[in-house]
Amino acid sequence: MASGSSYPEGARAAHGLSSAEARARLARFGRNAVAEKKSHPLLILLAKFWAPVPWMLETTITLELALRKPVEAGVIGALLVFNAVLSMVQEGRARGALELLRKRLQVMARVMRDGQWGQVPAEELVPGDLVYLRMGDLAPADIAIVAGDLLIDQSMLTGESLPVEAGAGKTAYAGALIKRGEASGEVVATGARTWFGKTAELVGSARTPSHLQATIFAIVKALVAMDAALALAVLVYSLMSGLPAGDALPFVLILLVASVPVALPATFTLATTLGAMELAGRGVLVTRLSAIEEAAAMDVLCTDKTGTLTQNRLALAVAYPYAPFSESDLLRFAALTSDAATQDPIDLAILAHPGAVAPGGRRVRFTPFDPATKLAAAAIDDNGQLIETLKGAPQAVAARAVAPPELPADVERLAAGGYRVLAVAAGPADRTRVAGLLAMQDPPRVDSRELVHSLNQLGVRVTMVTGDGLATARAVAAQVGIEGRACAADELRRDPAITLECAVLAGVFPEDKFNLIRALQGSGKVIGMTGDGVNDAPALRQAEVGIAVASATDVAKASASLVLTNPGLTDILAAVETSRRIYQRMLTYTLNKIIKTVEVGLFLSLGVMLTRSFVVTPLLIVLLLFTNDFVTMSIATDHVSFSATPDRWRIGPLMAAGFTLGAAVLALSFGLFFYGRTVMRLPLSQLQTLVFVTLVFTGQGMVYLVRERGHFWKSRPSRWMLIASGVDIVVVCALAVSGVLMAPLAPLFVGAVLAICALYLAALDFLKVPALARLL
């Protein structure tokens, strides 16, 4: 922000500041740099243990240690550490955003001190310094131009696709690239006070809400609440019925442990890590794991225009000649009034047009574009006749040449289409006539329209956000297929709620984009943001899914959670599809865990009350954690399809589905238990083994039941899932038959239990399909 009025007077003196005054102002205003904020890696790691789900696991570890069960505590602790370290490693890159912004300011600046020009580090610039800018420089601070003229590329700061002319009284913002010209100016803002620095502060303050943590915590709360009630009932019953307290307390504790999904955070992290590896093979780098999960729920994609939907280069779109000139004449005169040596984007666009290479005429004089006259001029020897040509702003050309009466209307029509309009004139010096109009644009990428259509088909609304004017924004939106209301940024500033109504937002600054994302998040939306420039960095950081395109600056890439490495935007579709597949895998794991918690919790507690004995030992419950929870982590590799609409975790319906199927499989568990107790008259130790193998078999079978929302045979599970389940069942059968860690059972009986579980679950599939269709 240029606010020179807040600084001491006398800054415009021709001799600049004195060294003493510069030191005083440096002490007052601070260094021209973005404040660096770093966290120690140990603190970053420790933060991973400070969240609702880790708190529950840490409480469980403490109780296990208090009851002198170090093995169980060690297992849970190892999972907790695994999840924290994996998340920390994958997310490390995103913390580089502020460091890159700070380095961007470490350039040398030409400054006048004590009446002498010299170079000083840009960090030492202070408000009031007199600096000199020339072609190729990056503006080291916000500079009010005092003398001279510049052509400034601010696309990476403001999102404006076209370079802007800046003369005396205008401001060159920090980070802007000087494309042409030379000028001197006064530093009016440094460090965090500049537009550039403010962007850095926004990156530092941006915080992405974690829907994943909230989801896991909501599920865990519901499961723990159910098992806590059951545990209390078992404890009261044990005291009233005279069961030994030394046996009751460990049993109650293990009942609570069974309700905490100790492997759930690790499974989520493993699934997203595998997804990150898959996306890397498809040209998408993941710098924040939670973005993969969030992309499944993304229902709004706010996309930058310049360099994202468009190519970030000027191109000649329309050549509109006036009689008697032809289009070939118009392009030839325009080319002869252009020069690649100037590196002017307009000249380069004209010279790149195929029609601009038409032969004819020799240029004998050339005057580059002058911001004061808004014209470029040339003299051409056309077969011995001297032709004067002009190129520039239509009003300026019309003032020097004969113009057709329809010129103003044609200019207005083309400008309304989002084009930058130039006029070209040619003819003898005393009879110069307007030859026609040239319409320039930053053309859309060839894949942008298809991308917008595909995202809409997936239920993602695309909103274009740009620093360009409203007319240009509307035109580009129409070209890429974005339909809906176009709004100016000042409407957003007056009423943030209007964001829900706008498909296009024009004339925005970095803070506007940042506030837009926050407003949409406040309305319950899950937001994606694409961008390529410094101006996009805060919004990329704030959005649940920040996506930097392949041509993005390092600042934008470090602020984003997904970075595209291939040109274009089509890899965004890969990210959405992959994230939705991961959601389906995690939905399978979570639903299965709810079902098993209902089955195990009710079976253990009701079993105690119905039989006056503990139907399973604490050791077998811990073993059940390995054979069910940990083995089913292989769900992270499952073959699944992606949904056609954004995925949201709906805890209520999910719990209802889990309780419905859990109750159904509970009936089987009790049936087998009472068959062994009353018909086969098995002793308690063998009944406990029967309970264990039943819970393992139903747990593994239920995974294959719920992984497919239709009938289970509709799709084939992954190889790793089949291997994990096969090994698990073989090992459990071997333990049960050999009597290791439990009382032995006859091989035929174990095989019969396995067959009964498989047949029952296959029949249950016909109840599952309508139940999940209604509830999920």
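**View 1. Strand β19 in a predicted model.** Strand β19 (residues 527-531) is mostly covered, with five of its five residues buried; buried means under 20% relative accessible area, exposed over 50%, and partly exposed in between (1.4 Å probe, protein chains only). The structure is a predicted model, in which local features need pLDDT of at least 70, side-chain atom pairs count only at pLDDT 80 or more, and totals for chains, interfaces and linings use all residues. Residues are numbered from 1 along each chain as its sequence is written, and side-chain values use heavy atoms, with hydrogens and water left out. I527, M529 and G531 point one way from β19, G528 and T530 point the other way, and all are buried. In a regular strand the side chains alternate between the two faces of the sheet.

**View 2. The neighbours of β19.** Strands (E, at least two residues) and helices (H or I, at least four) are DSSP runs numbered from the N terminus, and two strands pair if DSSP finds at least two bridges between them. Strand β9 (residues 300-304) runs parallel to β19 and is joined to β19 by four bridges. G528 of β19 is the bridge partner of L301. Strand β20 (residues 545-548) also pairs with β19 in the parallel sense, over four bridges, and V545 in β20 is the bridge partner of G528.

**View 3. The eight-stranded sheet.** Eight strands form an open sheet of mixed pairing, in the order β8-β21-β20-β19-β9-β16-β18-β17. β8 (284-286) and β17 (485-488) are the edge strands, each pairing on one side only. On average, neighbouring strands of this sheet are turned by 20° against each other, direction ignored; axes are lines fitted to C-alpha atoms, for helices over the stretch in contact, and angles run from 0 to 180 degrees between N-to-C directions. C502 in β18 is the bridge partner of R485.

**View 4. Nonpolar cores.** A nonpolar core is a set of buried Ala, Val, Leu, Ile, Met, Phe, Trp, Tyr and Cys residues joined through side-chain atoms within 4.5 Å. The largest one has 141 residues, of which C302, L455, I482, I572, L604, F692 and F697 touch the most other members. Helix α23 (residues 571-611) contributes the largest share of this core, 17 residues. Leaving aside residues up to four places away in sequence, I572 touches L301, L451, L455, T530, I547 and L564; contact means heavy atoms within 4.5 Å. A second, separate core of 22 residues includes A319, L330, I387 and L422.

**View 5. Helix α25 and the residue R681.** The 29 residues of helix α25 (residues 651-679) should span 42 Å at 1.5 Å a residue, and its end C-alpha atoms are 41 Å apart, which agrees. The expected span is 1.5 Å times one less than the number of residues in the helix. α25 is followed by R681, whose phi is positive, near 55°.

**View 6. The loop residue L314.** L314 lies in the loop between α12 (305-309) and β10 (315-321). With a relative accessible area of 11%, L314 is buried. The C-alpha atoms of L314 and I346 are separated by 6.7 Å, and these residues are 32 apart along the chain.
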